[in-house]
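Q: I would like to go through this structure with you step by step. Shall we begin?

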Amino acid sequence: MIKKLLVISVIFLGLLVIGLVASFAWINQSAWDNQVKIASPVNLENFDRLDQAVWSITDKSLGRTWLNPANIEVNNGFLKIRIPANRLEGGEIVNRGAVSYGRYESRMKLPSVPSSITGFFLYAPPDYFYEIDIEIHNTTEGKLLLTTYADGEVQNEYEGVLGFDPTADFHNYRFDYTADQVAFYVDDQFITAWQDGFPKGEPMQLMVNSWYPNWLAGTPTPTDQVLLVDWIRY
């Protein structure tokens, strides 16, 4: 009788352990599914045209630069942001909608203008409070700058090099923004991630630009150069 009770007890405990393992697995899978759902892109902008109900064109000074609307063009399925010869000009487009957590990715070929940078980022005023940046120097060396701003100052910074010439071909630049972290990727290769020091659920606007910042030499390009954006997913 005792032996039979022991067998029943072992079977019961085994079933209980299996049930607990299955429950934990289901919970973990649900959490992962929710994270993937949050991070998955829901919009694809392939620039068949520039829908000005979706995107606005900036007309203002930034750094050394006039962001001139005349430098924005959509042609042959590409967004083209021109950096004209012998002038400190660039361009910028801004998504009109407010966005927050999600996956943000762009496929771009950069101009060759050593005193300028290209940005793909989320931003909301005031300055330094709400911003998540991918910035790349418009050079063959491809210096990469990743930054988050919150509470009035820079919170996280990364400086590195891409390992390829971003002016020679198209590459994918991406960040995944969730309540838990911001993670950055280039051509699906993980670069870095931060678990704090970024805006938490604040509505921001998605932007892409190419321009001359004050902290570079400010030497105009001798020939017209163009940032080509193939698509943006968000």
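Q: Which charged end sits over the ring of Tyr-185?
A: The charged end of Arg-174 does, at 3.9 Å from the ring centre. A charge sits over a ring if NZ of Lys or CZ of Arg is within 6 Å of the ring centre and within 35 degrees of the ring normal. Please note that this is a predicted model, in which local features need pLDDT of at least 70, side-chain atom pairs count only at pLDDT 80 or more, and totals for chains, interfaces and linings use all residues. Residues are numbered from 1 along each chain as its sequence is written, and side-chain values use heavy atoms, with hydrogens and water left out.

Q: And what sits over the ring of Trp-231?
A: The charged end of Arg-233, 4.0 Å from the ring centre.

Q: How many helices and strands does the chain have?
A: The chain has one helix and 17 strands. Helices (H or I, at least four residues) and strands (E, at least two) are DSSP runs, numbered from the N terminus.

Q: What share of the residues is buried?
A: Of the 234 residues, 45% count as buried. Buried means under 20% relative accessible area, exposed over 50%, and partly exposed in between, with a 1.4 Å probe and protein chains only.

Q: What share of the contacts joins residues at least 24 apart?
A: The share is 65%, among contacts between residues at least 6 apart in sequence. Contact means heavy atoms within 4.5 Å.

Q: Turning to Ser-106, where does it lie?
A: Ser-106 belongs to strand E8, residues 102-109. Its relative accessible area is 0%, so Ser-106 is buried.

Q: Which residues is Ser-106 in contact with, neighbours within four places aside?
A: Among them are Phe-120, His-171, Tyr-173 and Trp-231. The backbone oxygen of Trp-231 is 3.4 Å from a polar atom of the Ser-106 side chain; a polar contact is a pair of N or O atoms within 3.5 Å, where within protein one must be able to donate a hydrogen and the other to accept it, and residues adjacent in sequence count only if both atoms are side-chain atoms.

Q: Why is the pair of Tyr-177 and Phe-198 edge-to-face?
A: Because the planes of the two rings are at 85 degrees, with the centres 6.1 Å apart. Tyr-177 is in strand E13 and Phe-198 in the loop between E15 and strand E16 (205-211), 21 residues away.

Q: Which residues form one aromatic cluster?
A: Tyr-104, Phe-120, Phe-175, Phe-184 and Trp-194 form it.

Q: On to the backbone: where is the cis peptide bond of Pro-126?
A: The cis bond joins Pro-125 and Pro-126, with omega about 0 degrees. Pro-126 lies in the loop between strands E9 (117-124) and E10 (130-137).

Q: What is phi of Asn-76?
A: Phi is near 55 degrees, a positive value in a residue other than glycine. Asn-76 is exposed, with a relative accessible area of 67%.

Methods. Phe/Tyr/Trp six-rings, centres within 6.5 Å; stacked < 30°, edge-to-face > 60°.
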